[in-house]
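Good morning, everyone, and thank you for making time for this. I would like to go slowly through one structure today, so please have the sequence and the model open beside you.

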Amino acid sequence: MAEASLPDAAAAKPARPRMPPLVFVAIAWVATMIAVAILADLVKPYVFTAMDLRNRLSPPGHPLHWLGTDELGRDVLSRLIESIRVSLLIAFGASLISAGLGTALGFLAAHFRGLIEQAVLMLADFQASMPFLVLALSVLAFFGNSLPLLIGLMGLYGWERYARIARGLAISASAQGYAAAVRQLGAGPARIYLRHILPNIASTLIVSMTLVFPEVILLESGLSFLGLGVQPPMTSLGNMVGYGREYLTRAPWIMLAPALTIVLTTLAISIIGDWLRDRLDPSLN
Amino acid sequence: MTAPLVYAEGLTRTYAMRRGLFSRPVAVRAVDGVTLAIAPGETLGLVGESGSGKSTAGRMLLGLETPDRGFVRFDGRPMPPPGGAPWRALRARAQMVFQDPLGALDRRLPIATQVREPLDIHGIGDPALRGGRVRELLGAVGLSADHGRRYPFELSGGQRQRAVIARALATRPDLLVCDEPVSALDVSIQAQVVNLLIDLQAGLGLAMLFISHDLRVVRQISRRVAVMYLGRIVEEGEADDLFAAPGHPYTEALVSASPAPGGRAGRRIVLKGDPPNPAARPSGCAFHPRCPVAEIRCRVEVPVLRPAGPGRQVACHRVAESPVADLRGAA
Amino acid sequence: MLRFATLRLGRAAITIALVVTFAFVVLRLSGDPALIILGPEAPPEAIAAFRKSWGLDASIFVQYVDYFGAILRGDLGRSMRDGRPAILLVAERIPATLALTLPALAIKIGIGVPAGIYAALHRGGPVDRLVMMLAVAGFTVPSFVLGLTLVLIFSVQLGWLPSGGQESWRHAILPVVTLGTGGAAILARFTRSAMLEVLGQPYIRTASAKGVAWRAVVTGHALPNAAIPTVTMVGFMVGSLIAGAVVVESVFSWPGVGRLLVVAVANRDLAVVQCILLLVAGTMVASNLIVDFLYGLLDPRLRAGGRAGAH
């Protein structure tokens with residue numbers, strides 16, 4: 001999936017490949033999004049629930065509301081900023097949970113082999129073969145909805161990819177290389193896995209994280225769009241699109257601003273991820 | 001003879017090997033009834049082609065693998081099962097030097113940190129003084145403190161192997177198993193590392209198992225030598241005697257292929273037949289298809305290791321009939 | 001081949017069992033269904049009656065066994081809202097979903113595979129670049145954004161097509177296009193890299209160096225070999241025939257299984273949700289099985305291995 005820049009990467013391996021301008025733009029965009037998420041309270045012009053009843057459904061370009069307002073006169077820009085914060089927070093939290101869980105299960109499988117390994121692999125197969133959206137919807141149906149549950153649920157997304165990578169690399173490390181050497185020095189499993197194997201495979205795991213991250217954002221926005229993710233009065237990018245859909249004819253900007261943000265952010269992270277993979281870890285695919 | 005530091009009897013190890021995705025696994029006997037003993041401070045050379053099972057034998061001797069049959073006793077006590085606390089504690093007394101030093105080192109940690117690691121693992125010495133011990137170890141293998149601050153990829157192959165040796169010696173082990181320690185190095189570097197090992201072995205009174213396919217290196221470092229062929233020891237004896245008058249036709253072929261420097265340039269015996277394959281082990285004496293002097297009984301009857309002269313054991317039907325010297329004279 | 005078949009069938013059965021267990025565990029973990037359905041103010045007699053009729057008063061193990069048995073008999077419970085059997089409710093929505101996803105699948109395969117092959121054979125050309133760009137878009141533009149954008153253009157601005165509902169075939173155009181384009185781009189990219197991989201193999205280069213006509217090399221060697229990964233991807237898409245339309249059906253108010261799922265989740269109509277979950281899993285497992293057996297036909301190495309294993 002890294003085909004975009006693969007021909008050049010395969011042909012020659014320059015000592016220090018220059019960063020393509022597109023990647024630079026992508027990094028700048030993601031950095032902006034992260035800054036907006038962290039500084040949300042400082043940047044946003046209004047409280048995101050504040051209503052300006054005199055200026056309802058005003059189009060973008062309004063002197064008080066740059067990106068316009070919605071039906072209740074709430075400032076779209078402020079809501080967008082708050083949504084970026086919530087969506088990124090959920091995606092970050094979920095990705096960290098998923099990476100941690102997957103890596104831990106992968107290490108367990110590699111360490112114990114046998115039945116435990118088979119069980120982990122079977123779960124991974126199961127997870128990879130089931131459409132995650134349907135599984136997530138079923139859980140939400142049974143448990144109702146809350147933010148911690150949502151983050152935890154999305155933290156189950158993509159764990160099997162980290163688990164496969166961690167298991168494979170840990171097994172090959174234990175079979176011949178440095179891990180076997182450290183083991184025969186008398187090191188316990190904690191030292192072997194945390195101090196030696198984890199730092200060695202971290203770059204591969206981080207690359208896969210940048211590849212899973214956009215999918216997590218899409219998943220969250222999809223669930224929220226369906227009204228089954230983040231619940232009002234909180235707002236996320238998918239929520240805003242879902243809300244904006246009702247005003248598609250009269251006020252399309254309510255939908256377009258968050259939609260564009262979703263697309264640009266996932267696109268930017270995918271570009272960075274592809275570039276990182278080509279640079280750091282061509283073996284990953 | 002003093003009580004052996006490490007003693008292994010009847011070591012047997014079988015692997016299941018799959019040819020294809022759906023075929024039934026084939027049992028491959030990598031090591032078949034190997035008995036070895038190494039006295040404190042003694043160096044035993046273990047010679048054989050690839051696939052002879054010499055590395056597997058070495059790993060079982062260290063306790064890194066558990067034999068299917070047979071046992072290992074270290075310092076009079078049975079080898080504990082791998083992974084447990086007693087096994088881990090024993091690692092401080094038995095260490096290994098690997099063929100590929102780059103693979104054996106963690107490429108994300110500086111050399112000094114890795115040399116220090118056994119001390120941290122086994123809690124040896126005051127933590128504040130371990131840095132000094134690391135410098136001492138690096139010095140002993142000919143590396144500077146500056147080398148210690150570098151990462152593995154910043155060192156040459158020989159320097160990396162020196163680092164691995166320093167790490168292996170950190171806990172002052174009694175036994176060192178060297179598995180092809182110089183075969184991945186440039187020929188010009190090999191002698192340096194071998195000399196380093198010889199000096200360290202003598203200075204520290206280490207018992208050493210030196211595994212190699214290279215007779216010249218083994219001859220230089222070992223006092224006793226065991227020759228393996230397809231999982232079995234076919235000959236064992238004092239290094240000088242064994243190289244001067246090989247008893248087993250296989251040893252003879254090996255020696256003739258690698259003449260001693262300054263020694264007589266004897267005729268070179270070229271082995272016929274396929275190189276040994278543990279998955280298709282010939283009946284009887286496993287060497288018989290390639291043996292220049294094989295008889296009919298060699299195809300059916302497995303020769304056992306029998307004494308043949310002082311300190312010498314040979315597993316060959318022809319040698320069993322006549323002592324080594326006679327056979328030599330007859331040939 | 002027999003060993004291969006039993007292995008695959010066993011894995012399929014395990015997957016289904018896992019889904020059933022998953023549903024059961026989630027169902028039981030979620031709290032007391034009686035309280036959830038009837039509400040905390042329900043009279044105790046009503047709760048007791050409900051527990052009895054749903055078998056909730058037995059031990060957890062008995063419940064699990066009963067649950068499994070009921071599912072094996074095809075008894076998937078009744079909708080907790082309108083009392084009809086869940087399986088009927090779901091079944092009557094399947095045609096509507098297939099009316100969207102089958103044409104979409106045809107678009108994905110009909111455009112995606114040829115475009116991928118063409119792009120691989122004309123690497124670096126304009127079609128190749130277009131395929132790569134669209135494929136990136138296919139990954140990063142969520143279907144609800146694409147769908148709403150199409151509605152904005154073709155319904156709101158141009159007024160050419162209806163924005164939702166199921167009255168005529170014209171209503172299906174936008175959802176089918178939404179479903180088809182993203183998938184076609186992804187499949188094209190996948191086919192392209194599979195082809196490129198095969199074209200880079202030594203035996204292909206040998207064949208063309210020996211003077212075998214390029215067309216013969218492509219049709220005789222490259223295409224059959226590139227088909228294996230592509231079949232996997234298509235298999236995944238077939239497996240998603242039911243599940244793939246959840247979001248798009250909601251965008252276009254299309255009364256299919258996906259829309260039913262979203263409504264059932266919002267209403268916590270557990271029997272319906274669980275029935276759809278099993279339907280989705282069954283579709284996925286069935287398509288995986290078909291793909292596995294297609295592998296056997298496509299890959300002579302696997303076939304030979306299978307025969308050797310049968311001895």
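This is a predicted model: local features need pLDDT of at least 70, side-chain atom pairs count only at pLDDT 80 or more; totals for chains, interfaces and linings use all residues.

B:Leu230 counts as buried because 24 other C-beta atoms lie within 10 Å, where 20 or more is the cut-off.

B:Asp75, in the loop between β4 (69–74) and β5 (77–78) of chain B, also has a positive phi, near 55°, but with 15 C-beta neighbours inside 10 Å it counts as partly exposed.

Stepping back to chain B as a whole, the domain assignment gives domain 1 (6–18 + 26–93 + 173–330) and domain 2 (103–166), and the centres of these two domains, taken over C-alpha atoms, are 31 Å apart. Each domain of chain B gives 9 residues to the contact between them, and on the domain 1 side these are 7 nonpolar, 1 polar and 1 charged.

Turning to the other chains, the contact between chain C and chain A takes 39 residues from chain C and 36 residues from chain A. On the chain C side, α14(C) provides the largest share, 7 residues, and by class that side has 30 nonpolar, 7 polar and 2 charged residues.

Finally, in chain A, a cis peptide bond with omega of about 10° joins A:Pro232 and A:Pro233, and A:Pro233 is found in the loop between α10 (189–225) and α11 (237–245).

Technical notes:
Residues are numbered from 1 along each chain as its sequence is written. Chains are lettered from A and ligands numbered from 1 in the order in which they are written. Domain bounds come from an automatic or database domain assignment. Two residues are in contact if their C-beta atoms, placed from the backbone, lie within 7 Å. Ala, Val, Leu, Ile, Met, Phe, Trp, Tyr, Cys and Pro count as nonpolar, Asp, Glu, Lys and Arg as charged, and the others, Gly among them, as polar. Helices (H or I, at least four residues) and strands (E, at least two) are DSSP runs, numbered from the N terminus. A residue is buried if 20 or more other C-beta atoms lie within 10 Å of its own, exposed if 12 or fewer, and partly exposed in between; C-beta atoms are placed from the backbone.
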